[in-house]
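Here are my notes on the model you sent.

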Amino acid sequence: MGILGLAKLIADAAPAAIKENEIKNYFGRKVAVDASMSIYQFLIAVRQEGNQLTSADGEVTSHLMGMFYRTIRMLENGIKPVFVFDGKPPTMKGGQLAKRAERREEAQQELEKAKETGDILQVDKFNRRLVKVSKDHNDECKKLLRLMGIPVVEAPCEAESQCAALVKAGKVYATATEDMDGLTFGSNILLRHMTFSEARKMPIKEFHLNKVLEGLEMTHDEFIDLCILLGCDYCDSIKGIGPKRALELMQKHRSIDTILKMLDSKKYTVSEDWPYLEARKLFKEPEVATAADIELKWSEPDEEGLVKYMCEEKHFSEERIRNGIKKIQKSRQVATQGRLDSFFKVVSSPNMKDSAAAKRKAEESKAASAKKAKGTRGRKPK
C-alpha cells in the first residue's frame with residue numbers, strides 16, 4: 001500500500017520535488033529495485049483473458065519473463081540494478097495483511113459470480129485482485145537474477161527500508177519502487193515507473209526528498225508524522241482527515257502528539273491504542289542489514305546455467321534466451337564507460353558561495369544604476 005495519497009499531495013504542494021526523466025538518462029547509475037513490487041507488476045501485466053503466462057507444464061512463468069527482459073532493458077540503458085527482496089513483515093503490519101486477506105476472499109467470491117454470468121471484464125478484474133507474490137515466485141527470480149550476474153539483497157524486513165539504507169549509505173543512486181514509503185524511510189531519491197516506463201510509454205518520475213521537505217516546509221521527522229496521518233502499512237489514518245487536511249494540521253502543529261491534543265474529539269474519533277508511536281519508530285529505526293556490510297557485485301552471466309534453468313526447466317525458447325544473454329554481455333562492455341559525473345564532483349566551498357553572492361550583488365547594483373540613469377535621461381530640466 002505504501003502511503004495513501006502521498007504522490008498526489010507532493011505533486012500539488014511541492015511540484016518542484018518531482019522530475020520526469022527517460023530511462024536512458026540513468027546511464028551508469030546504480031539503482032536499488034523493490035523486487036516484490038516488480039514481480040507483482042509482471043504477474044499483473046502479462047495476462048491473456050485472465051490467465052497467467054505459463055509453461056507447457058502449466059507452471060506460471062510471467063514473473064520470470066518480465067524479470068528477464070525488463071532487467072535486460074535496464075542493463076542496455078547502462079543501469080546497474082540491484083534487486084532487494086522482502087524479509088519477514090513487521091508485527092505491526094499484521095492488521096494490514098489481515099485486511100488484504102479479507103479483500104482477497106471478497107474478490108474470490110466476486111470472481112465466481114462473474115464466471116457464472118460470463119462477464120469477461122469482471123473476471124479479469126477480480127483475477128488481478130487475486131494475484132499474490134509467493135515465496136516460490138521470489139525464489140525463482142532470485143535464482144534467475146544471480147544467473148544473470150545481477151546482485152540480490154535479502155532484506156531482514158521491508159525491502160523499501162533496505163533500499164533506502166543503500167541510498168543513504170551512497171551504495172546506490174536511488175530506490176525504484178511504486179510505494180511512496182521509500183521517501184518516508186529516508187531514500188534521498190525515489191523512482192516510480194522504472195521497471196515498466198518504456199513498456200507503457202510513460203516517463204520515470206523522480207522524487208527528491210530534500211525538495212519534498214523544502215516544498216512542504218517540514219523536517220524529515222515532521223514528514224514521517226504526515227505520512228502516518230495519511231495512512232500507511234502500519235497505521236490507519238484518522239477517519240475524516242484527508243491528505244489536504246493532514247498537511248494543514250502538520251504545518252500548523254508540527255507533530256501528531258500536538259494534533260491529538262488540539263483535535264476536536266466530537267468531530268474526529270481516535271482510538272486510545274492508535275499505534276502512531278510504534279509506526280513512527282518503525283520509519284525512524286527500521287530493521288535493515290548494515291549497508292556497509294553489503295557487497296554489490298555485477299558479474300558475467302552464467303550462459304549455460306541460464307539456458308539450463310530457463311529452457312530445460314522453465315521451457316523458454318533457447319534462441320530467445322541466448323539472444324538475451326548476448327544483450328547482457330554487450331551491455332557490460334558499454335557500462336564500463338561509466339558516467340562523466342562519477343569522475344568529477346563539484347564541491348562548493350564558502351569562498352565559491354561568497355564570490356557568487358558578490359557577483360549577484362554587483363549585477364543587481366549595476367542593473368539598479370542603469371535603471372536610475374534611464375529615468376534621469378527621461379526627465380525635463382527644471
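1. The largest cavity holds about 40 Å³ of space. A search of the whole structure turns up one cavity of 30 Å³ or more. Please keep in mind that this is a predicted model.

2. Which residues line the largest cavity? The lining consists of Asp 34, Met 37, Ser 38, Gln 41, Ala 176, Thr 177, Glu 178, Leu 191, Met 194 and Thr 195. Four of the lining residues are nonpolar, four are polar and two are charged. Helix H2 (residues 35-45) supplies the largest share of the lining, with three residues.

3. As background, nonpolar side chains in soluble globular proteins tend to be buried together.

4. Leu 191 deserves a look of its own. Leaving aside neighbours within four places in sequence, Leu 191 is in contact with Tyr 26, Val 31, Ala 174, Thr 175, Ala 176, Thr 177, Ile 204, Lys 205 and Glu 206.

5. Gly 66 is found in helix H3. Is Gly 66 buried or exposed? Gly 66 counts as buried because its relative accessibility is 7%, and the cut-off for buried is under 20%. Beyond residues within four places in sequence, Gly 66 is in contact with Phe 42 and Thr 71.

6. Gly 87 sits in the loop between strand E5 (80-85) and helix H4 (94-117). With a relative accessible area of 32%, Gly 87 is partly exposed. Not counting residues up to four places away in sequence, Gly 87 touches Ala 155, Pro 156 and Cys 157. Gly 87 and Glu 154 are 67 residues apart in sequence, yet 6.5 Å apart in space from C-alpha to C-alpha.

7. Why is helix H10 (residues 220-230) described as largely enclosed by the rest of the structure? The reason is that nine of its 11 residues are buried. The buried residues of H10 are Glu 222, Phe 223, Ile 224, Asp 225, Leu 226, Cys 227, Ile 228, Leu 229 and Leu 230. Two of these, Glu 222 and Asp 225, belong to the charged class. The cover over the buried residues of H10 includes helix H1 (6-13), helix H8 (181-184), helix H9 (209-216), H11, H12 and helix H13 (276-284). Just after H10, Gly 231 takes a positive phi of about 110°.

8. Arg 254, with phi near 75°, lies in the loop between helix H11 (243-253) and helix H12 (256-262). Arg 254 counts as partly exposed, at 29% relative accessibility. His 315, with phi near 65°, lies in the loop between helix H14 (303-313) and helix H15 (318-335). His 315 is also partly exposed, with a relative accessible area of 39%.

9. On the chain as a whole, there are 16 helices and nine strands. Of its 382 residues, 44% count as buried. Among contacts with a separation of 6 or more, 70% are between residues 24 or more positions apart.

10. A last point concerns confidence. The chain averages a pLDDT of 83, and 72% of the residues score at least 70. Over residues 342-360 the pLDDT is below 50, and this stretch has three contacts in the model beyond near neighbours in sequence. Where pLDDT is low, the predicted coordinates should not be read in detail.

Conventions: Residues are numbered from 1 along each chain as its sequence is written. This is a predicted model: local features need pLDDT of at least 70, side-chain atom pairs count only at pLDDT 80 or more; totals for chains, interfaces and linings use all residues. Side-chain values use heavy atoms; hydrogens and water are left out. On a 1 Å grid over the protein atoms alone, a cavity is a set of points where a 1.4 Å probe fits but cannot get out, and a pocket is an open set with protein on both sides within 12 Å along at least five of seven lines; lining residues have an atom within 4 Å of a point. Grid points are joined across faces, edges and corners, and a volume is the space filled by probe spheres set on the points. Helices (H or I, at least four residues) and strands (E, at least two) are DSSP runs, numbered from the N terminus. Contact means heavy atoms within 4.5 Å. pLDDT is the predictor's confidence in each residue, from 0 to 100. Buried means under 20% relative accessible area, exposed over 50%, partly exposed in between (1.4 Å probe, protein chains only).
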